[in-house]
Each structure stands twice: as C-alpha cells, then as structure tokens.
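Let me put the structure up, and then we'll walk through it piece by piece.

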Amino acid sequence: MQRNVLHFIILATLAVVVLISCEREIEIDYPQAESKVVFDGQISNEGTFVRISRSRPMADSTKNHFVSNAQVWLASDDGSEEQLYYDEQQQSYLSASGLVGSTGHTYQMRAIVDGRHYEATATMPPPAPVDTIFFRWVDILHQMKLFFVCVKGQDPVPGGRNYYLCKLLRGKELFRWAPHSGRSSVNGHFEYDIICSSESEMDEGVDDDGKTPLMDGDTLRMELMTIDRDCWRYFQSLEASDRTTTNPLTNIRGDGLGIFVAANISRPDTLVFDKETLLSTE
C-alpha cells in the first residue's frame, strides 16, 4: 500500500515538473497593416466638425492620436467654401463662421494630410420630426424580458426609402446606437425600436459587453439623424464589423477610412427609466 502511494506521488511530481517545464509565453503575431488616416466628419443643422486620426495596430491599446496639422475645407453645392480651423480642446476642425447644413444641399469635405489628398461628399436629407418616444418591453417565451426605446415620427420622404442613425446618450456618454432604413409604415410615418437591455442584465449589473446596462433612474436622450444612403451603408457595415475582421465601408476617397456625413438631427424629449412602473403599465 505504501509503495503504491509512493508511486502515485512520484508520478504526480513528474507531471507537475513536465507541465511547468512546458510553460512559455505565447506571442500572438498580429498582421501589421499600413496605418491609414481616419475621418469622423459631420455637417448638420446643429453645426460642423471634422476629426482626423490614424488607424492603429490591433495590439496597440493607446488612445487615438488626433491629427492637428491637416488642412480641411468644406464646400457646398451653392458655391460657398470655408477652411476649417483646428480646436485643440475639442481635437476637431471647426467652422469659424458657425456653419450649419441645409436640407437638400450636397457638401464636399476636402483634406490634405501629410501631402496626401482626401475628399468625401454627402447630401443632407430633410429632418424626421418625432411624434413620440417611450420605453416598452417584450416578454420572450416567458423566459426573458427585453427593454426597448421606441420612437415614432414622420418620414422625411413619405413613400420613399429613408435612412436614419439613432443614438441614445446616457448622461454625456453614448449608450446605444443603431442604423435604420425603411419606407413609411402608415400614412407617411415611421416607427422603430432600439434595444437597451434585458432584465437578466439589469439583475446582474452587467451586459454582454461588460458595461453597465440600463438601470432605474437612468436618463436617456436621443439623437435621431436622417442621413443619405452611402452614410447609412457605412454605419450598417460598422455595426457588422464587430463580428468580422474587415473595415467598414467608407465614403472617403483617397484611401482613407471613416465617414463624412450630412445629417438633419431631431432631438425628442428626455426619458427616465423606471422598470417597475413600466412593467405595471403594460
């Protein structure tokens, strides 16, 4: 019996030694791609900005390095043009004249970064007036409750296909966003939902991304943006890029990445979430 125990101890010790001797640091060899210039530009009924940064390797966890020495212009199809200036605090190129976009106009952004030329165009659609915004919930097979923000409003182009980007902000931070497209549902009106959280995420205090889910007392503000088709395709591909290794589509010409968008922004009333009240009223 003692001999068997001794034999077992020897084998266990050898196994530990082998395992320890096999330990080594594994280095992941990420493919190295050429750094590209990335644009985040927007002209809207509220103002104008262009942010320029550079793409980083996958293993690089440093913050965005914004480009501050570019030359950036914004032109309209009405013949006007303005060179934007760089604001260090906002790390963006801004309009000194307070330029805002106008419905139906097409805008061109041009930029020179390190001697290389980039440009993009976008057309500003009509706004989508919001009639109502509210929370709602859906019971999935009596096993899961999902909570949504529902927005109803008037289509920019009744009878035509319309394109939207919906952003939900919790405080000053972006909470959820989603692109949407479609034709008028009833009499020139649209309705769509953006999912916020599940009841299980609320109970656990964390969502699938490891972030804080929607909680009682949270205040949500919506930005409902009408955009053109090319910009919508970018945001749709950006949403899908979380599940792939490809870059999203872009409207930037000159081998750049990112987007320049012309948007009409509607801002409906602020919502305050209360789960028990919501559950008891539906």
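Let's start with one side chain: does Arg176 count as buried or exposed? Arg176 comes out at 18% relative accessibility, so it counts as buried; the label means under 20% relative accessible area, with exposed being over 50% and partly exposed in between, using a 1.4 Å probe and protein chains only. Before I go on, the housekeeping: this is a predicted model, where local features need pLDDT of at least 70 and side-chain atom pairs count only at pLDDT 80 or more, while totals for chains, interfaces and linings use all residues. Residues are numbered from 1 along each chain as its sequence is written, and side-chain values use heavy atoms, with hydrogens and water left out.

Back to Arg176, then. You'll find Arg176 in strand 12, residues 173-182. Strands here are DSSP runs of E with at least two residues, helices are runs of H or I with at least four, and both are numbered from the N terminus. What does the Arg176 side chain make a polar contact with? With the side chain of Asp207, at 3.4 Å. A polar contact is a pair of N or O atoms within 3.5 Å; within protein, one must be able to donate a hydrogen and the other to accept it, and residues adjacent in sequence count only if both atoms are side-chain atoms. Arg176 also lies over the face of Phe175, 4.2 Å from the ring centre. For a charge to sit over a ring, NZ of Lys or CZ of Arg has to be within 6 Å of the ring centre and within 35 degrees of the ring normal. If you leave aside neighbours within four places in sequence, Arg176 is in contact with residues including Cys166, Leu168, Ile194, Cys196 and Asp207, where contact means heavy atoms within 4.5 Å.

There's another arginine of this kind: the charged end of Arg136 sits over the ring of Phe148, 5.2 Å from its centre.

That brings me to the aromatics. The structure holds 10 aromatic pairs. Rings of Phe, Tyr and Trp (its six-membered ring) pair if their centres lie within 6.5 Å; planes under 30 degrees apart count as stacked, over 60 as edge-to-face and the rest as tilted. Take Phe135 and Phe273: their ring centres are 5.0 Å apart and the planes sit at 75°, so this pair is edge-to-face. Phe135 is in strand 9 (130-140), while Phe273 is in the loop between strand 16 (271-272) and helix 4 (275-281), so the pair ties together parts 138 residues apart in sequence. Phe135 is buried at 10% relative accessible area, and Phe273 is buried too, at 2%.

Now the tilted example. The rings of Tyr164 and Phe190 have centres 4.9 Å apart and planes at 40°, so they count as tilted. This pair links distant parts of the chain, with Tyr164 in strand 11 (162-170) and Phe190 in strand 13 (189-198), 26 residues apart. Both Tyr164 and Phe190 are buried. And going back to the phenylalanines, Phe135, Phe147 and Phe273 form one aromatic cluster.

Okay, on to the strands. How many residues of strand 15 (257-266) are buried? It's 10 of 10. Both faces are covered, with Leu257 and Ile259 among the buried residues on one side and Gly258 and Phe260 among those on the other. Strand 15 runs parallel to strand 1, joined by seven bridges, and Val38 has Leu257 as its bridge partner. Pairing needs at least two DSSP bridges between the strands. Strand 14 (219-226) pairs with strand 15 in the antiparallel sense over three bridges, with Leu224 opposite Ser266.

Strand 1 (37-44) also pairs with strand 2, antiparallel, over eight bridges, and the two form a hairpin with two residues between them. Gln42 has Phe49 as its bridge partner there. In strand 2 (47-54), six of the eight residues are buried, so it's largely enclosed by the rest of the structure. Strand 2 pairs antiparallel with strand 6 (92-94) as well, over two bridges, and Val50 partners Tyr93.

Last stop: four strands form an open, antiparallel sheet in the order 4-3-7-8. Its edges are strand 4 (81-83) and strand 8 (116-123), each pairing on one side only. Inside that order, strand 3 (71-76) and strand 7 (106-113) pair antiparallel over six bridges, and Leu74 stands opposite Met109.
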